[in-house]
Amino acid sequence: MDFSYNDNQKMISDMIQKFGEYHITPYVRDWDENQIFPVHVFKKLGELGLMGVLVPVEYGGSGFTYNEYVTAIQELSILDPSIGLSMAAHNSLCTGHILQFGNKDQKNKWLKKLATGEFIGAWGLTEHNTGSDAGGMATTAVKDGEYWILNGTKNFITHAISGDIAVVIARTGEKGDSRGMTAFVIEKGTDGFFSGKKEDKLGMRASETAELIFDNCKVHENNIIGDIGEGFVQAMKVLDGGRISIAALSLGIAKGAYQSALKYSQEREQFGKPIFDFQAIAFKLADMATKIETSELLIYNSSFLKNNSKSMTKEGSMAKYYSSEVAVEVSSEAVQILGGYGFTKDFPVERYYRDSKLCTIGEGTSEIQKLVISKQILK
Ligand SMILES: Cc1cc2nc3c(=O)[nH]c(=O)nc-3n(C[C@H](O)[C@H](O)[C@H](O)COP(=O)(O)OP(=O)(O)OC[C@H]3O[C@@H](n4cnc5c(N)ncnc54)[C@H](O)[C@@H]3O)c2cc1C
């Protein structure tokens, strides 16, 4: 297998680096400190084709594979993990759900707007009382003629305030029945559809996380994705692909932290020599580099399977689980290598360290990934 970047990946990498120099890097600290979600950046990413990376050209997307998608998330996450997270949530979750399970009319209606960045997408599965156990959700949808009336609140939703459209999973059957939930597309401005409290977070502060509230929200049956009762099963399949994107986000964080630490270790002198010359520091960097390459191989493997429409639940979970834990470990070691300076906001490693923790939680915690992997290896 050839793991080097193909021409598209090289083009995406160069494009993001050039774009980031002017539109991301100078603002990262301000966005982080003030929890600013830079909507305008996502409009520009839409112009660059990065808001519909996997969407076919006929629906206004770039028509790329997971290889290019992983490259894009990784490169954006090196610059700012919050931008990587939001781009991943938009592409994999909201857009990905409509792409995988929407009918032709729904794809024509919404994919073009999502793929070009005209619409920013949200995806609502989690609730206050049901995160890992999302199937126990309380939000209900009750049929009323051609409409469905939704009531309840979704929690921790990326783009719940700035999003123009959301794919939301609600209960249409009995609690505990995995076939008792249905996916609805809801546009901003729909009666009874509101944003709620915005979270004040440890990391990923430039990625907006808030509540979505449904108060007798009336949604037409044409906005149901796929069949009634299929929403939860669809969501689990959407998360299979989504896990590759969180793994790519983790890889970007680990690479960013590692590169900062490597550079610093060659510049910083103590006891008359660069700290890289101390084996304790060089071995940390050796461990970091090895774990990053291992993450990369797991991500390539799950992307390969996904590109070829092969089963990849186990491999995607392994990539997400391992890469996210590595992102936390590597960014923590990067702070250690920078010593006191690593603890300040003058260097990016403290932000990578804070941002990395989301990767072991979002789209299924590490414990849930181990549950998925262990179930798969018994099959
Ligand atoms: C920044 C951010 C963005 C997010 N974006 C979205 C989004 O766009 N859309 C969306 O729907 N959700 C989103 N989420 C929600 C996210 O997916 C959940 O937070 C995650 O699934 C964990 O759920 P929870 O927070 O309720 O934790 P809980 O499920 O309450 O878990 C708490 C702890 O218990 C452990 N645990 C739970 N069950 C088990 C078990 N069976 N075995 C072993 N351990 C277990 C967990 O691993 C964890 O350590 C986001 C979250 C964050 C923080």
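**Figure 1. Residue classes in the lining of the second largest pocket of the predicted model**. The lining of the second largest pocket divides into seven nonpolar residues, 11 polar residues and one charged residue. Here Ala, Val, Leu, Ile, Met, Phe, Trp, Tyr, Cys and Pro count as nonpolar, Asp, Glu, Lys and Arg as charged, and the others, Gly among them, as polar. A pocket is an open set of points on a 1 Å grid over the protein atoms alone, where a 1.4 Å probe fits, with protein on both sides within 12 Å along at least five of seven lines; lining residues have an atom within 4 Å of a point. The model is predicted: local features need pLDDT of at least 70 and side-chain atom pairs count only at pLDDT 80 or more, whereas totals for chains, interfaces and linings use all residues. Residues are numbered from 1 along each chain as its sequence is written, and side-chain values use heavy atoms, with hydrogens and water left out.

**Figure 2. Elements and central residues of the second largest pocket**. Its 19 lining residues include Leu54, Tyr66, Leu99, Gln100 and Lys306, which lie nearest the centre. At least two lining residues come from each of α5, α7 and α8 (279-307), and α5 gives the most, with six. Helices (H or I, at least four residues) and strands (E, at least two) are DSSP runs, numbered from the N terminus. The volume of this pocket is about 330 Å³, taken as the space filled by probe spheres set on grid points that are joined across faces, edges and corners.

**Figure 3. The largest pocket and its lining**. This pocket has a volume of about 1300 Å³. Of its 50 lining residues, Thr126, Ile361, Gly362, Glu363 and Gly364 lie nearest the centre. The largest share, seven residues, is supplied by α7. By class, the lining has 20 nonpolar, 17 polar and 13 charged residues.

**Figure 4. The shell around the ligand**. Among the 18 residues around the ligand (a heavy atom within 4 Å), Thr126, Ser132, Phe156, Thr365 and Glu367 come nearest. The shell has seven nonpolar, eight polar and three charged residues. Strand β3 gives the most to it, with three residues.
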